[in-house]
Amino acid sequence: MSFEEWSTGWESVPLAEAADRYDIGEASDTRVEDLEELFGDEPECFFVHEGDVTIDGPLVIGNDPGLAPDTVYVIDGDLTVNGPMRFVNADVYTPLYVTGSVTAEHLMSLMDSNLFIGGSLTIGGLLMTELSDMGMLVVHGAASASAWLETWDRGEVMFAGDLKARRLRVSEGRYLEDADADDAADILFPEFLGDNEDVAEKLWAAALDGRPILRQ
């Protein structure tokens with residue numbers, strides 16, 4: 001689903017004005033120094049939603065190349081998803097910047113997705129990161145989840161404070177090298193493990209069906 005399809009109220013804000021109002025360098029914790037790094041050229045505008053957004057049910061967002069113009073999406077407020085959320089970009093680096101907080105049942109941040117959160121991140125169940133070299137998850141406020149599963153050991157994951165979550169790993173990963181991380185097999189149900197390439201798809205299918213993901 002492209003970004004415009006999951007919420008109404010987007011306003012096209014010219015680049016000069018939007019870049020001044022919403023500093024993506026700061027939002028990305030200086031990981032994005034220039035928007036041309038993401039798009040190869042400066043976008044014409046930002047798409048901005050003023051105020052909080054609440055989604056009842058699952059939320060899937062992301063873009064494939066050529067499906068939408070290069071831009072930055074900003075929710076100037078909180079994003080609440082009453083269900084699981086999946087953000088996946090493929091060979092395109094469209095960022096979503098939520099100036100406030102993000103709350104969801106589960107969150108899967110995958111491949112080339114760039115999610116910047118100015119406030120807190122609260123996940124009732126599983127936070128999963130499976131990012132490519134250009135993928136990013138940056139949280140400036142408090143962050144919590146029942147468990148955090150990191151599978152690819154790529155991209156950038158940054159929490160301003162300590163993430164309150166049980167750390168899981170399917171292999172050694174630099175994000176968790178200094179933390180006490182548990183074997184995912186002890187926490188996830190066996191049906192989700194085995195072939196690492198299928199973990200995200202299996203977990204998302206279970207989340208959509210409302211099936212349990214974590215043993216405890």
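**Close-up views of a predicted model**

View 1. The relative accessibility of Glu-36 is 37%. Buried residues fall under 20% and exposed ones over 50%, so Glu-36 counts as partly exposed.

**View 2. Strand β2, residues 45-50, is largely enclosed by the rest of the structure.** The cut-off for a buried residue is a relative accessible area under 20%.

**View 3. Strand β2 pairs with β1 and with β5.** Strand β1 covers residues 10-14 and runs antiparallel to β2, with 5 bridges joining the two. Strand β5 covers residues 72-76 and pairs with β2 in the parallel sense, over 5 bridges. Phe-46 of β2 can be followed into both pairings: Phe-46 is the bridge partner of Val-13, and Phe-46 also stands opposite Val-72 in β5.

**View 4. Asp-23 sits in the loop between helices α1 and α2.** Helix α1 takes in residues 15-21, and helix α2 takes in residues 24-27. The relative accessible area of Asp-23 is 41%, so this residue is partly exposed. Asp-23 and Tyr-97 are separated by 74 residues in sequence, while their C-alpha atoms lie 9.7 Å apart in space.

Terms used: Residues numbered from 1 in each chain as written. Predicted model: local features only at pLDDT ≥ 70, side-chain atom pairs only at ≥ 80, totals over all residues. Heavy atoms only, no water. Buried < 20%, exposed > 50% of the residue type's maximum accessible area, 1.4 Å probe, protein only. Helix = DSSP H or I, 4+ residues; strand = E, 2+ residues; numbered from the N terminus. Pairing = 2+ DSSP bridges.
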